[in-house]
Each structure stands twice: as C-alpha cells, then as structure tokens.
Amino acid sequence: MVENKQQSGIRAKIQRFGSFLSGMIMPNIAAFIAWGIITALFIETGWLPNESLAELVGPMITYLLPLLIGFSGGRIVYDLRGGVVGATATMGVIVGADIPMFLGAMIMGPLGGYAIKQVDKLFENRIRSGFEMLVNNFSAGITGAILTIIAYLGIGPVVSGITKGLGAGVEAMINAGLLPLVNLFIEPAKILFLNNAINHGILSPLAVDQAQQVGKSILFLLETNPGPGLGVLIAFMVFGKGISKQTAPGAAVIHFLGGIHEIYFPYILSKPTLILAVIAGGVSGTATFAAFGAGLTSTPSPGSIFALLALTPKGNFAGVVLGVLVATLVSFIVASVILKTSKQDEEGLTEATTRMEAMKGKKSKVSNQLVSNKDEEVTNTAEPVDRDTSEVPSVDQENIDKIIFACDAGMGSSAMGSSLLKNKFKKAGIEIDVTNMAINDLPSDVDIVITHKDLTERAIQKVPDAHHISVDNFLNSPKYDELVEQLKKD
C-alpha cells in the first residue's frame with residue numbers, strides 16, 4: 001500500500017509538472033500554428049516561396065514564441081505583473097543563445113514571476129501612500145533587469161548546451177534508425193497523462209529547432225499521430241461487446257477528426273493488454289514517417305488529422321498520410337487479436353473511465369460520451385456538501401452578469417461546458433455572458449463559477465465571493481438545467 005501511494009504521488013507530481021508546462025505552451029499554440037503556416041508557405045522550399053515574407057520566420061521563432069512562453073509562465077506564477085517580468089527575463093536567454101530558447105523561456109518565465117512575487121512581499125505594507133506606482137514600477141524593472149543579465153550570462157549558454165545535446169541525441173537516434181523506439185515510452189505515457197511533460201517539455205522545443213533549420217521536424221508527429229488510437233477504436237467497433245462496441249464509432253470521430261486523444265484511453269484501461277496495440281501502432285507509424293522523411297512545420301494541436309495535414313509541408317503528404325494509415329492498421333490488427341482471444345467485460349469501460357479520471361486528477365473532457373451521468377456534486381461559495389443531496393445555490397438573475405466555466409488550461413472541458421450552457425440559455429431566452437478560462441485567470445467580478453468537483457477548491461480560493469457550482473460531468477450535468485430553471489423564474 002505504501003509503495004502504491006508513493007507511485008501515485010510521483011505520478012501526480014509529474015502530471016502537475018506536465019500541466020504547468022502545458023499552461024505555458026497551450027495558450028500560445030495559435031502563434032505556433034501561425035509560424036508553421038508562414039514557414040510552410042513562404043520559405044524557399046514552401047508552397048508559395050516569397051523571400052520578403054520568409055523574413056518573418058526567423059524573428060517569430062527567435063523572439064515572438066519564446067517571449068510568449070516566458071510571459072505565460074510568469075503570468076501563471078504571479079498574474080500580469082509576473083508575466084511582464086517573466087517576458088523581460090526571457091529576453092536574456094534569447095540574446096544569450098544562438099538557437100530558439102523555448103526551454104530557456106520555460107525556465108525564466110516562471111522564475112521571473114516568482115522573483116517579483118517575492119519582491120512584492122518584501123515591500124508589502126512598507127510603501128508610503130502616494131509612492132505605490134513608483135515603487136511597483138521600479139521594483140519590477142530592477143528585478144527584470146537583474147534576471148535578464150543573469151539569463152544572458154549564465155542560463156542562456158547552459159540551456160543552449162543542453163538543447164544542442166538533446167538535439168544531437170535525437171539526431172543520432174534518427175540516423176541509427178532507432179527513433180521509432182521512442183514510442184515504447186510515449187504511448188504508455190499518454191495513457192497515464194504524462195504526455196504533456198514529454199511533448200511540451202522535450203519534443204516540441206527540439207522539433208521547433210529542427211523545423212527552423214530544415215523547414216520541418218518528425219518530432220511533431222511522435223505524440224500527435226492519431227493512428228494508434230484510431231486502430232484500437234476500430235477494433236472495438238468490429239470485435240467489441242456491449243457499451244464499448246456501441247460507443248466506439250462516436251469516440252473514433254472525436255479522436256480522429258476532433259483530435260481529442262483521451263477519448264480512447266478508457267478503452268485501453270478496460271483491457272490493459274491493448275497497450276501493446278498502440279505501442280505497435282506508434283512504432284510502425286514513426287518508422288513509416290522516418291522512412292519517407294516526413295515531418296510537420298509546427299505542433300498540431302489538437303492532434304486531429306486535419307491539424308496534421310494543415311501543417312504538412314510540400315512533398316510530405318504521402319509520408320504523413322501513410323504513417324497515420326500504417327499506425328492505424330498495425331494497431332487495429334494487434335487490438336483485434338487481443339479482443340478476439342480474450343474475455344471482454346461489457347461493464348469494464350465504465351470502471352476504466354473512472355480509473356482514467358483518477359489518474360488524470362480531474363474529470364475527462366470527453367469521458368461523458370462513454371458512461372452515463374452520475375454522482376453530481378454542487379458546492380456553495382465556501383463549503384462542500386454531500387454528494388447527490390446538493391442543489392444549485394440560490395441565485396438572482398438581476399445580480400448575475402458573468403458565468404465562467406473553469407478548468408486547468410481553460411481550453412478543453414471548460415470550453416465544452418460553456419458551449420453547452422450557452423445553447424441552453426439561448427433556448428431559454430436568458431441573456432447572461434457565459435465563457436470559459438483557466439482557473440488562474442478567473443476575474444474577481446465573476447458571479448458564478450462552474451468547475452469539475454476536483455478543481456472547485458482551487459476556484460474557491462481564487463474567487464471566494466462567487467457562487468461555485470461543482471459538477472462531475474461537464475457535458476451532461478443536470479445542474480445546468482437546474483440553473484436555467486432558477487434564472488428563468490427570476
């Protein structure tokens with residue numbers, strides 16, 4: 001028992017680290033995609049070569065993207081003030097190195113936010129009235145300047161050396177034909193929700209560096225290939241039983257076209273030997289990418305086939321498509337053999353979904369497509385209540401102007417819940433602003449905050465004066481209808 005708790009604790013820490021890295025990268029994915037499109041179109045080997053417009057490629061990858069990451073990292077730690085200092089400090093590693101400083105930005109951004117947070121604590125309640133703006137501006141400026149110098153002289157060269165070393169290692173694996181073996185680790189890591197730490201912490205920075213040099217990188221395809229998961233879902237469509245067979249077609253659409261890979265995780269967890277199928281699919285897919293010299297120009301997010309094709313450079317479509325197809329076929333064959341030769345538990349998918357959410361540490365954004373709604377929980381402003389006995393806090397429409405769905409990144413599950421409630425409000429004729437965002441970005445003037453039950457405590461700490469509705473099912477919670485009825489009566 002002790003060993004299991006220790007393993008769970010280690011996994012939770014890695015997951016939090018991955019979530020932290022994702023928090024720096026995900027808000028800026030649009031900028032990465034913009035850079036990838038410009039690269040694919042206008043570089044010398046692009047679809048529409050243009051020497052003038054191609055000049056955008058270098059400055060965007062050298063300055064824009066690292067500064068955005070540094071700002072986001074600082075903001076996570078200490079809001080806008082931390083973001084400004086984090087971006088300023090990031091400039092030191094940018095100028096102090098001769099390669100794109102994504103890893104350096106991931107270090108200096110949070111460090112800048114933490115540093116100014118500690119400086120502000122030092123001056124708290126010690127500033128004379130009327131001097132607040134002067135002290136605040138100069139303390140942030142001096143802190144940013146010191147960190148920028150430190151980054152330029154010390155951190156930049158160190159991170160540059162580490163990045164070059166990792167890049168050389170990856171290049172050696174490619175030259176030795178060993179790169180497909182990376183999927184032996186990537187595919188199990190995805191099931192355990194450790195992919196953010198691997199993808200955003202290691203693969204993406206190295207891939208962007210490669211893309212700058214040659215216009216593409218195979219590393220963008222390692223974790224985002226939808227083929228392995230699609231193969232497993234097709235196997236369930238053909239050889240599955242019960243709820244797994246019934247839900248597999250819808251899950252396949254969400255996974256392959258929508259790019260939400262976690263939809264297939266419960267199917268793997270319901271029969272753990274299927275991990276062999278996705279590993280085989282991942283290895284064969286990467287081997288195909290490598291054989292055809294395929295790569296993408298930027299990080300596809302989400303991992304939809306549409307995103308992959310949109311970021312595929314000229315001359316690489318055959319390799320990318322074949323890599324996805326081979327991964328799908330191999331995964332399907334292995335999964336089919338496993339399903340046909342082993343006993344299937346028709347109720348196992350529900351239990352597997354619960355295990356998946358326990359590992360993730362929060363409700364899955366798409367698992368509600370797989371299991372029925374149950375075990376809802378709603379909390380009042382400050383105190384949790386017993387499960388299945390709670391009601392939506394009493395609210396008055398005249399006092400409700402803003403409702404926010406909040407999750408870790410503010411992009412996945414919260415966006416889906418927000419869209420669902422907007423539609424319900426529209427049908428009911430309720431005109432109240434509904435949006436979604438990360439918990440760390442919740443404004444103080446929000447009236448109602450809707451979160452998954454595992455995140456409600458954090459939301460309460462962030463905005464204690466708001467009404468807090470805690471749900472166990474983001475896509476089909478009865479609490480939404482209760483809220484609509486209350487607001488209609490008011």
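A residue is called buried here if its relative accessible area is under 20%, exposed if over 50%, and partly exposed in between, with a 1.4 Å probe and protein chains only. By that rule, 50% of the 490 residues of the chain count as buried. The structure is a predicted model, in which local features need pLDDT of at least 70 and side-chain atom pairs count only at pLDDT 80 or more, while totals for chains, interfaces and linings use all residues. Residues are numbered from 1 along each chain as its sequence is written, and side-chain values use heavy atoms, with hydrogens and water left out.

**Overall make-up**

- The secondary structure of the chain comes to 17 helices and four strands, where helices (H or I, at least four residues) and strands (E, at least two) are DSSP runs numbered from the N terminus.
- Taking contact to mean heavy atoms within 4.5 Å, residues 24 or more positions apart account for 72% of the contacts in the chain that have a separation of 6 or more.

**The sheet**

- The four strands form an open sheet with parallel pairing, in the order β2-β1-β3-β4; two strands pair if DSSP finds at least two bridges between them.
- The edge strands, each of which pairs on one side only, are β2 (433-438) and β4 (467-471).
- From one strand to the next, the twist averages 25°.
- Strand β1 (residues 402-407) pairs with strand β3 (residues 448-452) in the parallel sense over three bridges, and Phe-405 stands opposite Ile-450 in β3.

**Helices α3 and α4**

- The axes of helix α3 (residues 57-95) and helix α4 (residues 102-123) come within 9 Å and cross at roughly 30°; axes are lines fitted to C-alpha atoms, for helices over the stretch in contact, and angles run from 0 to 180 degrees between N-to-C directions.
- That crossing makes α3 roughly parallel to α4, because angles under 35 degrees count as roughly parallel, over 145 as roughly antiparallel, 65 to 115 as roughly perpendicular and the rest as oblique.
- Asp-79, which lies in helix α3, has a positive phi of about 55° although it is not a glycine.
- With a relative accessible area of 43%, Asp-79 is partly exposed.
- As background, most residues other than glycine have a negative phi.

**Nonpolar cores**

- A nonpolar core is a set of buried Ala, Val, Leu, Ile, Met, Phe, Trp, Tyr and Cys residues joined through side-chain atoms within 4.5 Å.
- In the largest such core, of 78 residues, Trp-35, Ile-69, Leu-219, Val-232, Ile-268 and Leu-274 touch the most other members.
- The largest share of this core, nine residues, comes from α3.
- Apart from this core lies another, of 16 residues, among them Leu-421, Ile-432, Ile-469 and Tyr-480.
- Not counting residues up to four places away in sequence, Ile-268 touches Ile-191, Val-232, Leu-274, Ile-275 and Val-278.

- Phe-265, found in helix α10 (residues 265-270), counts as buried at 3% relative accessibility.
- The C-alpha atoms of Phe-265 and Ile-191 are separated by 5.7 Å, although these residues are 74 residues apart along the chain.
- Ser-217 is found in the loop between α7 (195-214) and α8 (227-239), and counts as buried at 2% relative accessibility.
- Leaving aside neighbours within four places in sequence, Ser-217 is in contact with Ala-207, Gln-210, Ala-211, Gly-295 and Leu-296.
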